[in-house]
Each structure stands twice: as structure tokens, then as C-alpha cells.
Amino acid sequence: MNSRIVTRAGTLLPLSILLMLLVLPVYGARAQNFDFEHLDRVVRTFSVIVEMKVELSFGTHTNEQEERLLGTVVTEDGLVIFDGSFLAQDDALSSFAGFAVKTTPTSVEITAFDGEVYDAEYVGTDRFTRIGFARIVGTDDKTFTPVRFTRNHEFKVGSWVALYMLLPEYVNPPLAADVGMISALLEAPEKFPLTVGYSVLELASVLFDEQLTPVGVLGSLADPSAPQTDAGGLIESFGEFDIPMLGVITAERLEKLITDPPQRGKIDRAWLGITLQALTRDIAEFLEIDASGGIIVNDVVKGSPAKKAGFRIGDVVYEINGQPIEIDREERLSIFQRRIAQMGAGTSVEFSVFRPGDQVTDSLKVLAILEAAPLAPSDAAEYENKALEFKVRDLVFADYIRLNREEESFKGVVVSELQRGGLATLGGFQIGDVIQRIDNTPVRSVSDAEAVMAKFEVNRPDEVIFFVWRDNKTMFINVKAVWE
Amino acid sequence: MAGLTALILLAVVSALGTQTAFSELQQQIYDARDRVLPALVHIQPVIKNYRTGELKKQAVVGSGLIFHPDGYVVTNYHVAGKAERIICTLYDKEQVPAIYVGGDPPTDIAVLKLQLDDYPGRIAVADLGNSDSVQVGQQVLAMGSPLSLSRTVSAGVISTKDRFFSSDYRLPSGERTGRYNLWIQTDAAINPGNSGGPLVDLSGRVIGINSRATFFANNLGFAIPINIVKETTAAILEHGKVSRSWIGVQCQALQELEDYFGAAGTPGVLIASVDPGSPADINFLKAGDIIMAIDGEPVSARFLEELPAFYKRIASHRPGSKITLRVLRDENEYEFSLVTKELGDLQGEDFECSDWGLTVKAITQQMQIENQLQDTLGVYVMGVKQVGAADVAGVRPRDVIASINRKTVCGLADFISMYNDLSAVGTTKILLTINRHGAIRLAALNVDPKEDGPAHEQ
């Protein structure tokens, strides 16, 4: 918990500066008029404190940390939302680290403001809004009072919103109110009522208008540096926003999530199946393309929606469903990737495309039906062998890109976790090794690995020989076994 | 009383004995010093560094040894490889220029030739010994210019004569090194600048060329055995380079795996990996095969320390030779005949494109394998100058430039002529097609227009 505050403190300063610049002058214009005495009572009916233990694994070591967050009950059967930012970063961390960084909630406890304590289970975190979901369990008959968001609220620049934030454990009362203003109604990169002056510590708190109607929760704008890429979790560039842009995750967006909460390991994003680069002004000039931005198709993945739709290498996409793509530098690529990801599998999308030919550049429309994106490394199926002290996971699309291998011909499982001083480590394993055979049995998936290792658990050989791919070469690894 | 006298006498005799042995040892050291030190050379080459995206000349300091009466000097490749301007200071403090004759990155050896026309003295030539007969514990002297302090002698013993280092170690110029030799380890002080200097036994014969030391440790220095050096220098003097056969196998010590392969007690060399497209690959050798003999002669590598000799054994064939391998596979023996290929350069020639702000290399066969490339077409980006045209356009080190303005780049010569043509015309807009880790992308370079105006006034 402490570490979270420390890491986030850095963002508070620029936010407070913005607050002074933009919010203070408005106070003079029109004062807010919230009945906080009443609101405080309302908030306590559906607010809860979520306490989670989270295991953070970085390949060779695992840390446990505790999180204490403000949660909100959103259904009568006890579905609770909270700020899941810290749980939605696996892909981002993994793509920089080169191996899977994984956050796994190990226990969730929920305390209502009437003092009642409940057990809960972690459900999942939405990749886009970063709202986390947990469900209260073991109370079959109990009906909870959920917050009821108002749909189709008309946001206006200058209208006030209020929320409550959770204060540190050592202070009482635990809640503090905060007021903000709708500062802009953003149209791009997504429709987003922007607020200025809130802090990231208040993410996922319910926002009320002056009639004390819940209109949504505080969330952050699609961050261009977010790793929801078309390639399934691979992007090298950093985003251009240093300060998170906070605003309203509206009731309409929340409703969808509440009806069908994201589940860990379930693909909740769509993809097209291309590798891409930004259409910079310089490249546009070369290709003699008159567009303010776009993306260049550098590769089309076999069997992907893009392949089926007839995309070709060298195509320049400049519109999605008639809307121009304002991407003229690499840092903005993920705007495109996120837009595709959020559309959902099964969506038909019309792309306007320039196709440079030998003589002339054709302009055409390409209709693609998006499909569910491939698994990210952190979502891949895993298998742990406790005796030899290693964990492996299935190869996923991002691995094939990273390793520059073909999916049809290259099979195996990736070593995702090793114990320091563990038997597998002593045998010479490294994180990222791809195990292709165990003993003489080809290993194509974690279930293959599990099946072979299950035999060994019975036979208990003195050593287990692995055939491994590392750095574009193969090798044999002998792990001396100790069976207990 | 009698007992005490005996004690004293013994002490005196013993002291006398030590004195004699000490003087003998001292004399041996003096003799060894006198036989080698006059042939010691302090080397100051200017080497070329292309890593930052521009050609940077770098003055370095190392050591060397005159090993041939015609004024040939042996040193390390990492000291004077492809050096442009080399100043040598001989033992008599006279400065003599030298030229680079040739070098061999895999053994980290380079040969220079002293330009002795204006040298007033007579050069001394060191005797090269036999590194196969050295012994652990044997006393040795290291000579060279540690931290540029020329004519420095340090003493120690041979700590180990078969130290193995993985050949993943790279020279500053990018080549992997150390695949074909073990190392003589010594506790004689070796510091940066000792590189290329001799390790000498007490009979005054050179048994190794000091090349490496371990940072953050004391007295861990490593010399290339002189027998390796002799072969390398002979090849360089004769052909300008060392020619090696390549079959494309990476091997692993058999010891840990012999039971698994049903080869307990059987001598052999375990293939761990086969390079794609290599002679071993096209002849269907595969990981897990155990090579038992080459042309009927048994080979073995139960331990890591035996691997360099095996690799050297393969390499020592004339490229294009037919060799027959007896191979143990699934507990049956098979014979494989294959024709070796020339190993070739580990890294290609460098070229600086100053207008574009990048440096490139020719792609050799070994680079192709290492970088998982389809072929050796194009050029490899070695460095990208910060905020240069290539950097701004998104070109990165390790990219492969496949085409310029939509014209395929076949190799470095092709690239250089295209670059020179574009530079001569003063083209400011360049479109590169780049292969980055298997994916194609475009890079549009905005090259600064050349200033054709009058030169700046001083």
C-alpha cells in the first residue's frame, strides 16, 4: 500500500498545478452546491473497502504486496468494482522485461461500512478502463445495495461532479469528499468527459452530479502507451502523455462491463492481425499519399482477420469506418490498436486503404470482421512443477514475434518462472528458454509438459533431460531431480 | 646445550641453502627478462569505432612482441585490429611506425609489421616456446604496458593451463572470440594495456600472449597459448588471414548427458545445435547426435575444456574438404560424409554513411545465422547517430537495410555505390526499406542539404 502511494505521488504535483491553472478561476464563476451530508450517507450504503493480497511474480522471484482500495457494490449479488490499474499492467511490464510479469490476487476481503466483513473472489480487470472486479462469496441469500448509475447523462463543460476517496488506514473517518468539474468533452481518441484536478488515487470512485445522481466512475483516457496492441502485447514506444488524463467512465460503458465482467484469461479484445507503423509526413510524401495520418501495413498475419479481408503488405490505412486516422508518429500507434481492440470480436469494420501499385496508387475499401486477439503472455496457460521448481507457459503470438519463429513449425513451452537456487535453475535453465522436448517426448503445450512430468513423478528418475531452444540455438539441459 | 647448538647450525645451513636457491631463481628471472624484454613493443594504434553511427577514431594502448626477424609484431586483435596508424615504441625507447598486416578475431590475434627503414638499432626477436608443455605452478613473467606504463614486468605462476571460456564473449568490434582455444591463467599482474604482451617462462621462451584479465578481482589474467598464436601468425603471414572450415555444429559437454544418450563411457562429442543451412544441417546431422570420429580418428569432449580442440579440429580442414563423421544416434552408429564450407568473416566490412548518420556492415554468413536472416542480402546497421537523419526516421542498430528508394541492396558494395551516387547528387529524400527482426518497415530520411558554399573562413 505504501509503495503505491509513493509511486503515484509523482503524478500529484503536475495535477495540482493543472488544478490551480484551470479549476481555481472557475470557482469564482459558479460555486458548486453539493449536499455532502446526504451524499456521505448515500455513499456508505454501497461503498466497501477492498483489501487484497497480490502476488507479483517477476520470473525468478515473487513478491507479495497488500492493496487497500475503495470499492463499490454494483450488483445485488455482490459484484464489486475497484481501481484495478495495478492488475492490468502485466502486458506492459512483460513486453519491456521480455518475460512474463504477472500479478495474481491471492486473497480478497471486503469490509462494508456497516462493519460487516466478507470473503470475496477476484474476477478480472478490464484492460481498457482498468476497472477491477471482485465478487463477494459465501453469502447465498444476502442482497446487497448496489449503486445504480444513470444512463445517458448529459455531460456539460462546467458542470460539477463529486466523489469520495479512501483515506489511509490510520485516519478516521475513512472517506473524504472531492469536487471536480467537467473540463472538456473529448471526441478523440475516444469520447470522454474530461475532468481536471482529480488524482489517480481516486480512480474507480463513483462520480455524482449536483443532484447526487451517480453518473459514472473516475477513469483515465486511453493511454497511447498502453500495450493493447494489435500484435497481442508488443509495442516498443512510450506514450506521449506524462500525466494521466482523468475523466468519466460513463454508465453506458460500465453497464456492459457489469453485465459481462472481464475474466482473467478470457480474451476481451479484438484484433486485425497486422504489424504496422505510423504514416509519418515524410513517408506520406514519399508514397505521394494525401492523408493527415494513417498506418502502414508491414505484415499480415497468416489466418488473421486482415488476411481474410485481403489486406496486403504496403497498404496504407487512412480511415476506419469513414473516420480519419490521425496517426502521424509512432508514439500514437496504439490509438489505432486500442480502437480496434475495443471494437470487440465479430465487429465488421470498413477500412479506407491506399494501395501503392507500380504505376498508380489505388484507393479502396477493405471490409474486415474482427476476431478475438491472441492470448497475451500473462494470460497463457501455465503449469508449475514443484519438484523441479519451474513454471512454464504456452507459447503465444507475442512470443512468435519476439523470437522471430513460425507458429506452424516451432513448438514448445516457455520457462516463465524459476526458483532461485531451485533444481531447474541449478540445471542451467533461464527464464525465456523454450522447452521443446522433455526426455524424448515432444512438448507442444503445457498439457504435454504436465503429462510427461506426471510420469516422472511416479518413476522418479535421478535426472530429467530437457531439449531447449535459447538465443536461436538448441541445447540439452540436465536437471538433477530430488523427489519428495 | 648440544641440542640448542644443533638447532642453530641447522638454521644457518638452511638459510644458506635458501640464499643459493634464491639467487638461482633471481638469475633465471634476469635471464628470461633479457631474452624477451628487448623484443617487447609498446603499441599505440588508432582504431576505428563504428558503433555510435559514425566513424570515431580512437587512440588505444597495448603491448606486442617482435616474433620474426623481418620486424613482425604479434599483438591482440582487440588492440590493433584493422588499425590505421600505429606507433610502436621499442625497448630502446625508439619510436617506429608499423602497419597492420592481418588479424584473426576468433583467436584475438593480430600481426603488425614494423617500418624499420629509419630505425637506427637492431631489433631483437623473442623465442616462442611450447605451450603444451607448461605446468600449473610453473613460474612465469608477464611483460607489457599496463595502463600504458611501458616495459613493465610482473611475475607469478601458471594458475591453470586449461581455462575454458564460452565463445559467446565478443570483441569490441563485435566478433565472438575464444572458440578454438583454452587459456593459460596466471596470477602475474595483468591490467588493461598488457593486452598483446608476452607471458614468458623462466627459460625466456614465450608461452602465451596476455589478452584478458578479470575486473574486480586480483591476479586473474589469461593468456592465449603460444601454440595457437604460432599457427595463427603463420597463417596470417602466409595468407593474410586464417582460413577455417565450418560445418555448423554447436556442441555441449557429454559428461552430464552420457547416460541419457546411452553413451556412458563412450568417447564422443555431443551436438547440441545445428546452424540452419550449414553443411551439418543439409547433411541431416541433428541435435543429440554424438560425433565419435572424424575421418576414422576418435574425437571426444566429455568436458567443456575439450570442446575448443574439437572445434579446432574441424576448423583446421581446408575449406571445401570432404570429411567423414562417425556418429552415434539412438545407440546405432552411422557415417556422415559432408563437405566443409569456409567459415568466413564473423563480421562484415564497416562503412560510414555520414550524410545519413549511420554506419553499416556487410552481412556475412555467420551474421546471417546469428541474426536469423533469410540471406546475406542488404546491409546490417551497426550504429545510428543520435538525432541524425536515420535516427529521426526510426532506423535502429541491428536493422537490415533491404532497399534504398525501392531498389534492392544486394550487399555492401552495392550499398556503397548507391549511397555515393545519392550523396553526389545531393538527394535529400531517401526511402529505406528495413527488415527488423523479421518484420519489414519503411524509413523516410530527410538528409541535410550539402553546403556547397565557400569553406568557412578561419
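Modeller: A residue is buried if 20 or more other C-beta atoms lie within 10 Å of its own, exposed if 12 or fewer, and partly exposed in between, with the C-beta atoms placed from the backbone. This is a predicted model, in which local features need pLDDT of at least 70, side-chain atom pairs count only at pLDDT 80 or more, and totals for chains, interfaces and linings use all residues. Residues are numbered from 1 along each chain as its sequence is written, while chains are lettered from A and ligands numbered from 1 in the order in which they are written.

Biologist: Is A:Arg130 buried or exposed?

Modeller: A:Arg130 is found in the loop between strand S5 (117-125) and strand S6 (131-137) of chain A; helices (H or I, at least four residues) and strands (E, at least two) are DSSP runs, numbered from the N terminus. Its phi is positive, about 60°, although A:Arg130 is not a glycine. Most residues other than glycine have a negative phi. Because 21 other C-beta atoms lie within 10 Å, A:Arg130 is buried.

Biologist: How many other C-beta atoms lie within 10 Å of A:Asp439?

Modeller: A:Asp439 has its place in the loop between strand S24 (434-438) and strand S25 (441-442) of chain A. Its phi is also positive, near 55°, in a residue other than glycine. A:Asp439 is partly exposed, because the number of other C-beta atoms within 10 Å is 17.

Biologist: In which loop is A:Pro173 found?

Modeller: The peptide bond that leads from A:Asn172 to A:Pro173 is cis, with omega near 0°. Most peptide bonds are trans. A:Pro173 is found in a loop of chain A, the one between strand S7 (160-166) and strand S8 (175-186).

Biologist: In what order do six strands of chain A close into a barrel?

Modeller: Two strands pair if DSSP finds at least two bridges between them. Strand S1 (residues 47-57) and strand S2 (residues 62-73) of chain A run antiparallel and are joined by eleven bridges, with A:Ile49 opposite A:Leu70 in S2(A). The pairing in the barrel is antiparallel, and the order is S1-S2-S3-S6-S5-S4.

Biologist: How many residues of strand S12 of chain A are buried?

Modeller: Strand S11 (residues 214-220) of chain A pairs with S12(A) in the antiparallel sense over five bridges. A:Ser220 stands opposite A:Leu246 in S12(A). S12(A), residues 246-250, is mostly covered, and the number of buried residues is five of its five.

Biologist: Which element gives the largest share of the side of chain A that touches chain B?

Modeller: Two residues are in contact if their C-beta atoms, placed from the backbone, lie within 7 Å. By that rule, 20 residues of chain A are in contact with 21 residues of chain B. The elements that give two or more residues to this side of chain A include strand S14 (274-278), helix H5 (281-286) and strand S27 (473-480) of chain A. The largest share, five residues, comes from S27(A).

Biologist: How far apart are the C-alpha centres of domain 1 and domain 4 of chain B?

Modeller: Chain B is assigned domain 1 (37-114), domain 2 (127-239), domain 3 (245-342) and domain 4 (350-446); the bounds come from an automatic or database domain assignment. Six residues of domain 1 of chain B are in contact with eleven residues of domain 4 of chain B. The C-alpha centres of these two domains of chain B lie apart by 31 Å.

Biologist: How many C-beta neighbours does B:Tyr380 have inside 10 Å?

Modeller: B:Tyr380 is in strand S25 (residues 379-384) of chain B. Leaving out residues up to four places away in sequence, B:Tyr380 touches several residues, among them B:Val360, B:Ile363 and B:Val400. B:Tyr380 counts as buried because the number of its C-beta neighbours inside 10 Å is 26.

Biologist: Within what arc do the buried residues of helix H5 of chain B fall?

Modeller: Helix H5 (residues 307-315) of chain B has the buried residues B:Leu307, B:Pro308, B:Tyr311, B:Ile314 and B:Ala315. They line one face of the helix, because down the axis of H5(B) they fall within an arc of 125°. That arc is that of the directions from the helix axis to the C-beta atoms. What covers these residues includes strand S15 (245-246) and strand S16 (249-252) of chain B, and the arc asked for is 125°.

Biologist: What share of the residues of chain B counts as buried?

Modeller: Chain B has eight helices and 29 strands, and its C-alpha trace spans about 100 × 75 × 40 Å along its principal axes. Of the 458 residues of chain B, the share that counts as buried is 43%.
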